[in-house]
Structures are given as C-alpha cells and as structure tokens.
Amino acid sequence: MTTEETRRDDTRRVLDPERDAAALKALTHPLRIRLLGLLRRHGPATASELAARTGESSASTSYHLRVLAKYAFVAEAVHRDGRERRWRAVHLVTSWSNEAMGASSEGRAAIATLRRRQVEHLASSLDQHEADVEAGRLGQEWREPSGITDLLPRLTPESAVELRRVFEERLAELTAQDAEDPRALQVVVLTATLPLAPDTTETGSAGATGSARDTEEAEDASDAGSASDAGSAEDGSDAGSTR
C-alpha cells in the first residue's frame, strides 16, 4: 500500500473502499476487530495475552494478527524478550468516507458490520462500567459525569456535519488538556448520527426511549475505533472512523 492509496498520520488511517477493498474485508472479521480494539485500548500484547482476553487459542489470535499486519493495521512492537512477538496498533482510528463506501454493496456491508460491532461494544462497556461501580473501582467523582443520552434533534445535513466537527474538535482539545493529569481515566465515548426517514404512522415527536436526560444529566459513550474492544471506528459525511 502506498501513501496515495491510503492517507495516514499518527492517529488516523483513512481507507479508500476501492483501493483498500481487501483491507476493509480483512478488518470486518469479528475477531480481528476485537483484537485491534484491545491493542488500541490496552497497548502492545502478544498473541497469547490476547488469546487469554478473548477466549481464543493463541494459534487463532496469532493468525488473525498476521492478517491485520498484512494490511498495516498492526505492527510488531518492542519485545520484552526474544521469546514471543508483541504487537501494537498502528493507528488509533480507522476512517472512511460514507459516500464512497455507500457506492458498493461491499462497502455498505462493511459499514453495517462495523457499526453493529460498535453497538455491541457500548453494551459491553456498560456492563464493565456497572461492575466497576459495584466493585468500588470508580470514585464518587465519576458518578455524575457518566451516563447515556439519547436525543432526537431535527437537523439539516449541514448541521449534522457541523455537530460532528465541533464535537470532535472539542474532544481533541479536552483530551490534550487532560493528557498529563493523573486523575484522567479512559472514557468510552460513542456517538451516533443516524437520520430517520419520516414515519407516516408517527403520532408524536418523542423518541422511542425518550431522553436519558429525564433521569440523568450526562453523556456517554469506541476504530475504530477511541480505544475499545470494538477497535475505533468513525464514519461521517467526510470520513468515518473505527476505534
């Protein structure tokens, strides 16, 4: 792969669905998405360490890591010793253009797979959060900022793009601000912008679940994808991403 085929920087890789079709196909394997997410979340690891986390055999994780390496999603990391290879994620986020991806059935299928993995990650993150609270692993100061919000604003396509841009810019600013603060913890942030066509059977404007703000004034939460077992993925009118 050349820089012409794929634009990359230290944190983000933007895939082209035509030139990077094989890489996209490789990434959508469920175990590979999870392995990439684990490396992004926890840092470098061996195939054996990842096998223990996923319940897979080390032979299986080793094979899938080599596939991820073939398409430059992971690379060899510094070894603690010479006995076993360690792997690291090359980028924190894998992105794409929704418009370009939507031009083919394969691209649309890839988006659907990655988005559903993100929803699964949200559910598993909620389970972990609740367990951490119950076990006392999170301090009281984290109770108020945590939560999930589901809202149904009416926006134009342009406003939806602006909302994503402002959110991502502010998140980057706050992340940089807190980088050296020892109180900072990894926070799962999963956003969704999913337009819905008018429903002629609608009788009101309330959402299916209402708004979480009715019970909790908070916001919450992945290559894809930031760091999560889902990898980190983000999609959008310009470029999406999988953490």
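Colleague: Why are α2 and α4 called roughly perpendicular to each other?

Modeller: This is a predicted model, and in it helix α2 (residues 30–42) and helix α4 (residues 58–70) pack at an angle of about 80°. Angles of 65 to 115 degrees count as roughly perpendicular, so α2 and α4 get that label. Their axes are 10 Å apart.

Colleague: Which residues make the contact?

Modeller: From α2 you have Leu 31, Arg 32, Leu 35, Leu 36 and Leu 39. The α4 side brings Ser 60, Thr 61, Tyr 63, His 64, Leu 65, Val 67 and Leu 68. Sort the residues of this contact and you get 8 nonpolar, 3 polar and 1 charged.

Colleague: Okay, on to the strands. What makes β3 and β5 a pair?

Modeller: The rule asks for at least two bridges, and 2 bridges join β3 (residues 45–46) to β5 (residues 86–89). So they pair, and they run antiparallel. Ala 45 stands opposite Trp 87 in β5, for example.

Colleague: And what makes β4 and β5 a pair?

Modeller: Here 3 bridges join β4 (residues 74–76) to β5, again antiparallel. With at least two needed, they pair, therefore, by that rule. Val 74 has Ala 89 in β5 as its bridge partner.

Colleague: Where is confidence lowest, and where is it highest?

Modeller: Strand β1 (residues 7–8) is lowest, at a mean pLDDT of 40, while α4 is highest, at 97. The chain's mean is 82, with 77% of its residues at 70 or more.

Colleague: Which stretches call for care?

Modeller: Residues 204–228 stay under 50, and residues 236–243 are below 50 too.

Definitions and conventions: Residues numbered from 1 in each chain as written. Predicted model: local features only at pLDDT ≥ 70, side-chain atom pairs only at ≥ 80, totals over all residues. Heavy atoms only, no water. Helix = DSSP H or I, 4+ residues; strand = E, 2+ residues; numbered from the N terminus. Axes fitted to C-alpha atoms, helices over the stretch in contact; angles between N-to-C directions. Parallel < 35°, antiparallel > 145°, perpendicular 65-115°, else oblique. Contact = heavy atoms within 4.5 Å. Nonpolar A, V, L, I, M, F, W, Y, C, P; charged D, E, K, R; others polar. pLDDT = per-residue confidence, 0-100.
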